[in-house]
Amino acid sequence: MFLYIIGLVAFWFVFRWYRELARVPNKGEKYVYITGCDSGFGNLLARHLDKLGFCVIAACYTEKGEDELKKVSSERLNTVHLDVISTDSVNKATAFIKTLVGEKGLWAVVNNAGVSVPSGPCDWMTVDDYKSMLDVNLIGVIGVTLSVLPLIKKARGRVVNVASVFGRISAFGGPYCVSKYGVEAFNDSLRMNMSAFGVKVLCLEPGFFKTSVTDLSLLRKNVKTLWNNLSEEIKDQYGHDYPERANVTLEKNVVTLLDGDLMKVVSCMEHAISALHPRTRYSPGWDAKFIWLPMSYLPTWIADKMLLKDMAKPTGSIL
């Protein structure tokens, strides 16, 4: 019986691998709109799809990002300025895209833009801290998607949302996990709503990768800034050496998990865009596959103990 099970599992993986080899035709006629192309995953994806022959619309936050991307791309690639938290900016980008794609519609939108700070214990945060991140990571995703959804429906295309494995499990406090849980919920509801129109909605849940949002200096600065804004009462509760201990935890638990191969994520993005039969979810990164996702299926009390074991504890902690 055990051998039969092993055989069935092996057959399933071989069948899935073969099925996922097929790619959509006429790439040169398909437009792909990508947010957050100044650096990181978005920048690499724009260049990668351009080389594959897609018509890329790369949205950048800065003029420098646009200029540098144009220098290394073909004439097929178009850039557009985009601030995802500005309705006016989103609408201007959409108007440009409508003119560009015409009656063909938009084949895919990739919601890649996002931020990782402020992050820290929940009682270090203000409502404004939550709002600032939700505006980019969640409202920005929804706003960009809805702005081009009629064009996606016209092409019977794809919506690709970059969430995070921390949209499945909250390994730390603050608004980041809240925003990514929200992306997961938006993705799932949109997928069901759009299935009747032939639109595929896919989700990426990467683990820790070495990008600007996981830069250690940025994360350390984030801890320092939040700490300096705290009341003396909260500082006393956590202990005045807490920032140092938190930075040690960052180095131990974050830096050691960072994967420098960004193409693992980009390859999943490309598959979601170009595969005839894409997956509903992708989990690039060894830590996502073998640590965080399995942990998210454990009973809460077990997962909590595993997560708390490696966290910096407040001085007044009962743990």
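## The second largest pocket

Helix H1 (2-19), helix H10 (263-274), strand S7 (281-282) and helix H11 (286-296) each give at least two residues to the lining of the second largest pocket. This is a predicted model, in which local features need pLDDT of at least 70 and side-chain atom pairs count only at pLDDT 80 or more, while totals for chains, interfaces and linings use all residues. Residues are numbered from 1 along each chain as its sequence is written, and side-chain values use heavy atoms, with hydrogens and water left out. Helices (H or I, at least four residues) and strands (E, at least two) are DSSP runs, numbered from the N terminus.

The second largest pocket holds about 350 Å³ of space. On a 1 Å grid over the protein atoms alone, a pocket is an open set of points with protein on both sides within 12 Å along at least five of seven lines, a cavity is a set of points where a 1.4 Å probe fits but cannot get out, and lining residues have an atom within 4 Å of a point. Grid points are joined across faces, edges and corners, and a volume is the space filled by probe spheres set on the points.

Which residues lie nearest the centre of this pocket? They are Arg16, Arg279, Arg281, Tyr282 and Ser283, out of 19 lining residues. H10 supplies the largest share of the lining, 3 residues. By class, the lining has 7 nonpolar, 3 polar and 9 charged residues; here Ala, Val, Leu, Ile, Met, Phe, Trp, Tyr, Cys and Pro count as nonpolar, Asp, Glu, Lys and Arg as charged, and the others, Gly among them, as polar.

## Charged pairs

Side chains of opposite charge can pair when their charged atoms come close. The structure holds 13 salt bridges, each a side-chain nitrogen of Lys or Arg within 4 Å of a carboxyl oxygen of Asp or Glu. The table shows some of them.

| Pair | N to O distance |
|---|---|
| Arg279 and Glu20 | 2.9 Å |
| Arg76 and Asp50 | 3.6 Å |
| Arg281 and Asp188 | 2.9 Å |

Arg279 and Glu20 form a salt bridge. This pair links distant parts of the chain, 259 residues apart: Arg279 is in the loop between H10 and S7, and Glu20 in the loop between H1 and strand S1 (31-34). Arg279 is partly exposed at 29% relative accessibility, whereas Glu20 is buried at 10% (buried means under 20% relative accessible area, exposed over 50%, partly exposed in between, with a 1.4 Å probe and protein chains only).

Asp50 is buried, at 4% relative accessibility, and Arg76 is partly exposed, at 34%.

Arg281 of the pocket lining pairs with Asp188.

## The cavity

What lines the largest cavity? Thr35, Val84, Asn111, Ala113, Val136, Gly140, Val141 and Val144 do. The space inside is about 30 Å³. Helix H5 (residues 127-155) gives the most to this lining, with 4 residues. The lining divides into 5 nonpolar, 3 polar and no charged residues.
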